[in-house]
Amino acid sequence: MNIELNIANLVAKGIETLYNQAITAETLTIQPTKKEFEGDFTFVTFALTKSLRKKPEEIGEEIGKFLKENNPFIANYNVIKGFLNLKLSESFWLQTLATIATTPNFGKAAFHGTKVMVEYSSPNTNKPLHLGHLRNNFLGYSVAEILKANGYEVMKTNLVNDRGIHICKSMLAYQKFGRGETPETAGMKGDHLVGKYYVVFDKANKQQIEEILTQYQQDTPNEDIEKLKEKAGKNTPLILEAQEMLKKWEEGDKETVDLWKKMNGWVYAGFDETYKMMGVNFDKIYYESNTYLLGKNVVEEGLAKGIFFKKENGSVWIDLKEEGLDEKLVLRADGTSVYITQDLGTADYKYADFPMEKSIYVVGNEQDYHFKVLFTILKKFDRNYASGMYHLSYGMVELPSGKMKSREGTVVDADDLMDEMIQIAEERTKELGKIEDFSSEEAKNLYRMLALGALKYYLLRVDPKKTMLFNPEDSIDFQGDTGVYIQYIHARICSLLRRAEVLNIEYHPKLSGSDLRSDQANTRLTEGLYGSVQLQQVEIELLKHITSFPQRIQEAANEYAPSVVADFAYNLAKLYSRFYNEISVFNEPNEAIKRMRLALSAETAKALKSAMNMIGVEMPEMM
RNA sequence: GUUUUGGUAGCUCAGUUGGAUAGAGCAACUGCCUUCUAAGCAGUAGGUCAUUGGUUCGAAUCCAAUCCAGAACACCA
């Protein structure tokens, strides 16, 4: 349902009839009427003045008259300057309500099965998840849900970075200083324990850098200090040992691999817990330890096709200067892979797994350049999936104190943050004392829903592309433009609907078989259920807003922006809240109006829930 | 230096393919709980849309330049 487009079609027909000029509806500007003017939708006539050689007011007047005379749904019109404001009839809105109510999964598109892969999360196994990961995970999960709502078949994947020098660092530190500690003996989640040893490594290594640096300065007092620092950073005993360990790992040394397996096992157990709490999941998990050797065949292929070239020392490159990029290394002189090599191989590997038309990478914007290069190369290779690749590049999350820095200990841990939010949700809820009849199980579940809802909404309401500020004080605020506010409105509606059920009020049009979604059936039902009742302005506003849901979901998918859905939900909740305060449902003496208001409430709740679920937020029915 | 992203109210953010007098929330102030959940509602106040120029009936939105801020530009991942 797209009212704007329908009106545009009517206007186009009008132009053809009145002025004998063919025009496509899509080129006409129809927009919701600003609230300070009378009307529902506005046709902007300026664009037509040249081709029709008429004044904007004249065009508006003539088309308005035509529309009103020829269409029963256009109740009235007025023209201000070049703006033709159209008022739609009550029966139109009532029928719209019936259509929404009888459309299963209103807002969502029919399944068309186009395959799309969404890769997100992609953690390193050397430290626990933090606030930045939360934005990534919530975004990835939400985009996947939004694509599903648009009819795609979605495969959610996670490419875990489980190998490399950084992993060896925590392994080495554990080996040296761990004394056989385990998550059980330490009373810590596995990912946190491993993260602890990563920090231990870093500290010890820093000390070694200092020592070496002093040595260097004594040996070569005239050398530039920055150069010496760099050299020292690469040559500490610990770093050399870690590199040695990486080599051993690659050779399959049993002791090293066993340790790696043990520690990664701890990390995965920890991650699973965190993912569960976050409410995200994956259809398939890839591990870099399995994919890091991929891509060498692609390098061969590139050389054979003349897309890559070899330098004298044997390293392989691609020249992307024509694309406005630089020369880029794709294989080291010693024949080992770099980051982009494995990404090239992994792209083929994923496609063999799941022949998708779109492949979304949810990765921070510090890797914009990398993905530009990756996609450009794959296009040069004529991979048939290359044109469907998209880097969902999101901005960093900053704190009021600035960027999160692990060195300065300002990193906000994901587990800690979620726990804290749950605790605050519990405190607030207890203060309000509304859920005394909840079992402790139900109460706990509610705290979780509220806390995660607040957090997800807070992180997803902002356009993904933008750097955003995480203000701890604002994030725990449950008032105003927040997830909890929307959940609250939903709970209130559910309360009304429960009462309607107790009172046995039948407000929902029930259709079956051939009746389903036919206009005549709608009209019949609408008249039977609601009669020709008078609608309040807020009620029309609500209907207008709900009606825009399908377009908003599409827009969210086109832009990969959950913020669009969040915005829809918030504004719908706000409108309903106004309705709820202005208008009484159960004190209304007219039964038809009562039914209409209940149906309107029910559809609002459905749309709210549907939208919020798309951003991963659960909606309580009582709170 | 090159490339790239951003700059809207004190703060955090919206603002569709250019459309009417630029919107929310927070913070501040004023009202509203014998009435369907006050985690709410209504209202007041708050703006040189970074700056300058251009395009046109019309610019926060498009173009150019400038200023400011972030990021990327490794035989790291």
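Visitor: Which helix is the place of Y580?
Guide: Y580 sits in helix α23. Helices here are DSSP runs of H or I with at least four residues, strands are runs of E with at least two, and both are numbered from the N terminus. This is a predicted model, where local features need pLDDT of at least 70, side-chain atom pairs count only at pLDDT 80 or more, and totals for chains, interfaces and linings use all residues. Residues are numbered from 1 along each chain as its sequence is written, while chains are lettered from A and ligands numbered from 1 in the order in which they are written.

Visitor: Why is Y580 called partly exposed?
Guide: Because 17 other C-beta atoms lie within 10 Å. A residue is buried with 20 or more such atoms within 10 Å of its own C-beta, exposed with 12 or fewer, and partly exposed in between; C-beta atoms are placed from the backbone.

Visitor: And how far apart are Y580 and L432?
Guide: In sequence, 148 residues. In space, 20 Å, C-alpha to C-alpha.

Visitor: Let's zoom out. How many helices and strands does chain A have?
Guide: Chain A has 24 helices and 14 strands. Its C-alpha trace spans about 95 × 65 × 50 Å along the principal axes. Of its 623 residues, 39% are buried.

Visitor: Which domains is chain A divided into?
Guide: Domain 1 covers 3-88 and domain 2 covers 164-261. Those bounds come from an automatic or database domain assignment. The two centres, taken over C-alpha atoms, are 71 Å apart.

Visitor: You mentioned β2 and β4. What order do the strands have in the four-stranded sheet?
Guide: The order is β1-β2-β4-β3, in an open sheet with antiparallel pairing. Two strands pair if DSSP finds at least two bridges between them.

Visitor: Why is one side of β1 and of β3 left without a neighbour?
Guide: β1 (30-32) and β3 (74-80) stand at the edges, so each has a single partner strand. The twist averages 30° from one strand to the next. Axes are lines fitted to C-alpha atoms, for helices over the stretch in contact, and angles run from 0 to 180 degrees between N-to-C directions.

Visitor: How many bridges join β2 to β4?
Guide: Four, between residues 41-44 and 83-88. F41 stands opposite L86 in β4.

Visitor: What about the sheet of three strands?
Guide: That open sheet runs β8-β9-β10, again with antiparallel pairing. β8 (308-310) and β10 (327-331) are the edge strands. Three bridges join β8 to β9, and K310 has V316 as its bridge partner in β9.

Visitor: Which helix packs on that sheet?
Guide: Helix α13 (residues 296-305), touching β8, β9 and β10. Its direction makes about 90° with that of β8. A contact means C-beta atoms, placed from the backbone, within 7 Å.

Notes: Contact = placed C-beta atoms within 7 Å.
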